[in-house]
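Hi,

Here is the structure I promised to pass on. Have a look at it first, and then read on for what turned up.

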Amino acid sequence: MRENKMKKVVIALMLLLPLPLSASESSKQEKVDALIEVMNMNELLDSMHIQVQNMINNMHQQLEIKESERPLFDEYHQKVGVVMQEQLSWEQFEPMMLDIYNQHFSEEEISAMLDFYRSEMGQSILNKMPVVMQESMVTSQKMAQRMMPEIQALTEEFHKKLQEHRKQEQQTQ
């Protein structure tokens, strides 16, 4: 009889063990949700949309679009906007961000980030982040543009050498 009671107690304890883990996971999930909200990630995504739209507008100047070509460019610009709205929506982006934060940060780290971003200093940093991101993107684009001719030349050189190599291999076979 006593052995039977002991088995029931052990089984009951085993059934209760997952509950605190679930509660902990729920608590972590709630904190991640709060963190994403505090960090205004949906607004960062909006900022990213604006940055890409600005890049496309800059393409107009870089490509030296003529007035007669403007309708073609405008159509392209509109289509890119539609793709971005469909593919880079917050509804699609949010679950991915939740997964990333859950995967890489402990509950303790998330709590610390929440505390920080809820602070005056954290809010100040978050408010500046879209401008910092935009300027970083512009800077990296300029760097990429500077090196692009050299990379294109290297790619052409590689392509020629590769064709020559393949031609020589075919001749020796």
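A word on terms before the helices: axes are lines fitted to C-alpha atoms, for helices over the stretch in contact, and angles run from 0 to 180 degrees between N-to-C directions. Helices (H or I, at least four residues) and strands (E, at least two) are DSSP runs, numbered from the N terminus.

This is a predicted model, in which local features need pLDDT of at least 70 and side-chain atom pairs count only at pLDDT 80 or more, while totals for chains, interfaces and linings use all residues. Residues are numbered from 1 along each chain as its sequence is written, and side-chain values use heavy atoms, leaving out hydrogens and water.

The axes of α3 and α7 come within 10 Å and cross at roughly 35 degrees. The crossing of α3 past α7 is right-handed (the near helix is turned clockwise from the far one by less than a right angle). On the α3 side, L44, S47, Q51, N54, M55 and Q62 take part, meeting P130, M133, Q134, M137, Q141 and Q145 of α7; contact here means heavy atoms within 4.5 Å. That contact counts five nonpolar residues, seven polar and no charged (nonpolar: Ala, Val, Leu, Ile, Met, Phe, Trp, Tyr, Cys and Pro; charged: Asp, Glu, Lys and Arg; polar: the others, Gly among them).

Now the pockets. A pocket is an open set of points on a 1 Å grid over the protein atoms alone, where a 1.4 Å probe fits, with protein on both sides within 12 Å along at least five of seven lines; lining residues have an atom within 4 Å of a point. Points are joined across faces, edges and corners, and a volume is the space filled by probe spheres set on them.

The largest pocket has a volume of about 260 Å³. α3 (41-62), α5 (90-104) and α7 (120-172) each give its lining at least two residues, and α3 supplies the largest share, six residues. The lining includes F93, Y101 and M129, and divides into ten nonpolar, two polar and no charged residues.

The second largest pocket holds about 180 Å³. Its lining has at least two residues from each of α3 and α7; among them are N58, V138 and K142.

Last, a backbone detail: N40, in the loop between α2 (18-38) and α3, has a positive phi near 55 degrees.

Best wishes
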